[in-house]
Amino acid sequence: MADRLAGRLNWATLRPLFWLMAAVYLGHLGWRWLELPRPWWVQHYLDDLLCLPLVLTLTLFVLRFFYGPRQRLSRYQVAFAVIYFALAFEVFFPKFMPRYTSDWVDAALYAVGGVIFCRFLNK
């Protein structure tokens, strides 16, 4: 039974660009953990740019496990994810949690990440 389930995994969903972005994100986590100096744009904006391509690709990977290899996310679904992340992390969370700060550049980077996902990863 396990081999049948493993056969449903569509590893082609995880394209080389996804692996590159995941490596950059993990490298940035290590860089932050080592407390090495970073440029301001890396410190504040890199994670926001990488967020949606990584999250949506993993979501697509799970959807393809359940619904088949032809499954794709529509532009409306990607736009919903962009709006959801922008509202959650730039509007609602900063009001209730001091850890979060509101920055509309982050919302724009979520949109750029959504475009990157639609253009290169949602195939």
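Q: Helices are DSSP runs of H or I with at least four residues, numbered from the N terminus. Given that, where is the place of E35?
A: The model is predicted. In it, α2 spans 16-33 and α3 spans 40-67. The place of E35 is in the loop between α2 and α3.

Q: Is E35 buried or exposed?
A: Phi of E35 is near 55°, a positive value in a residue other than glycine. Exposed means over 50% relative accessible area. Because E35 has 70% relative accessibility, the residue counts as exposed.

Q: Which pattern does the protein chain follow along the sequence?
A: The protein chain has 5 helices and 0 strands. Read along the sequence, the pattern is α-α-α-α-α.

Q: What share of the residues in the protein chain is buried?
A: The C-alpha atoms fill a box of roughly 45 × 35 × 25 Å along the principal axes. The chain exposes about 8,500 Å², and carbon and sulfur atoms supply 69% of that area. A residue is buried when its relative accessible area is under 20%. Of the 123 residues, the buried share is 34%.

Q: Which residues is M21 in contact with, leaving aside its neighbours within four places in sequence?
A: M21 is among the residues with the most contacts inside the largest nonpolar core. With sequence neighbours within four places left aside, the contacts of M21 are L50, P53, L54, I116 and L121.

Q: Is L56 buried or exposed, and what is its relative accessible area?
A: L56 lies in helix α3. Beyond four places in sequence, L56 is in contact with L73, V78, A81 and F117. The cut-off for buried is under 20%. L56 is therefore buried, and its relative accessible area is 6%.

Q: How many Å apart in space are Y25 and A86, C-alpha to C-alpha?
A: Y25 belongs to helix α2 and is partly exposed, with a relative accessible area of 29%. Not counting residues up to four places away, Y25 touches D47, L50 and L54. Y25 and A86 are 61 residues apart in sequence, and their C-alpha atoms are separated in space by 19 Å.

Q: Which residues lining the largest pocket are the closest to its centre?
A: The largest pocket has a volume of about 690 Å³. It is lined by 22 residues, and the closest to the centre are R32, H44, D47, D48 and R99.

Q: How many residues of the lining of the largest pocket come from α3?
A: α2, α3, α4 and α5 each supply at least two residues of this lining. The largest share comes from α3, and it amounts to 11 residues.

Q: How many residues of the lining of the largest pocket are charged?
A: Asp, Glu, Lys and Arg count as charged. The lining divides into 11 nonpolar residues and 3 polar ones, and the charged residues number 8.

Technical notes
Residues are numbered from 1 along each chain as its sequence is written. This is a predicted model: local features need pLDDT of at least 70, side-chain atom pairs count only at pLDDT 80 or more; totals for chains, interfaces and linings use all residues. Side-chain values use heavy atoms; hydrogens and water are left out. On a 1 Å grid over the protein atoms alone, a cavity is a set of points where a 1.4 Å probe fits but cannot get out, and a pocket is an open set with protein on both sides within 12 Å along at least five of seven lines; lining residues have an atom within 4 Å of a point. Grid points are joined across faces, edges and corners, and a volume is the space filled by probe spheres set on the points. Buried means under 20% relative accessible area, exposed over 50%, partly exposed in between (1.4 Å probe, protein chains only). Accessible areas come from the Shrake-Rupley method with a 1.4 Å probe; for residues, only the protein chains shown count as cover. A nonpolar core is a set of buried Ala, Val, Leu, Ile, Met, Phe, Trp, Tyr and Cys residues joined through side-chain atoms within 4.5 Å. Contact means heavy atoms within 4.5 Å.
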